[in-house]
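Visitor: I am new to this structure. Could you take me through it?
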Amino acid sequence: METQKQELQIEITPEVADGVYSNLAVIAHSTSEFIVDFLIMTPGAPKAKVKSRVLMTPENAKRLMAALQDNIKKYESQFGEINMNKGAAIFPMNKSLD
């Protein structure tokens, strides 16, 4: 039996298409969901402001991780290795809500 592959049609509003800049992400999780907060941190400011929050199931978080890994691999094969700024401050990127 032949399986049919359906093409996903994606709609995006102009407001969402503009995007939101983020230079920091904080990820939290519980037993049932992952929460990814995208923040903007201004140099010298004592606070970082959450610009967007995305909630997803653990399964979809793992799919996102795999997709990011795949895209980073493709990016680096085309443009070279992404260098992590070793002198930059390191912020906690993960926390548990349990």
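**Charged pairs and strands**

Guide: Asp70 is partly exposed, with a relative accessible area of 34%; buried means under 20%, exposed over 50%, and partly exposed in between (1.4 Å probe, protein chains only). The model is predicted, so local features need pLDDT of at least 70 and side-chain atom pairs pLDDT 80 or more, while totals for chains, interfaces and linings use all residues. Residues are numbered from 1 along each chain as its sequence is written, and side-chain values use heavy atoms, without hydrogens and water.

Visitor: Which residue forms a salt bridge with Asp70?

Guide: The partner is Lys74, with the closest N and O atoms 3.0 Å apart. A salt bridge is a side-chain nitrogen of Lys or Arg within 4 Å of a carboxyl oxygen of Asp or Glu. Both residues lie in helix H2 (residues 58-79), four residues apart; helices (H or I, at least four residues) and strands (E, at least two) are DSSP runs, numbered from the N terminus.

Visitor: How many salt bridges does the count come to?

Guide: The count is two. Arg53 forms a salt bridge with Asp37, the closest N and O atoms being 2.5 Å apart. Arg53 is in strand S3 (residues 48-56) and Asp37 in strand S2 (residues 34-41), so the pair ties together parts 16 residues apart in sequence.

Visitor: Is Asp37 buried or exposed?

Guide: Asp37 is buried, at 9% relative accessible area, whereas Arg53 is exposed, at 51%.

Visitor: Turning to the strands, in which sense do S2 and S3 pair?

Guide: They pair in the antiparallel sense over eight bridges; pairing requires that DSSP finds at least two bridges between two strands.
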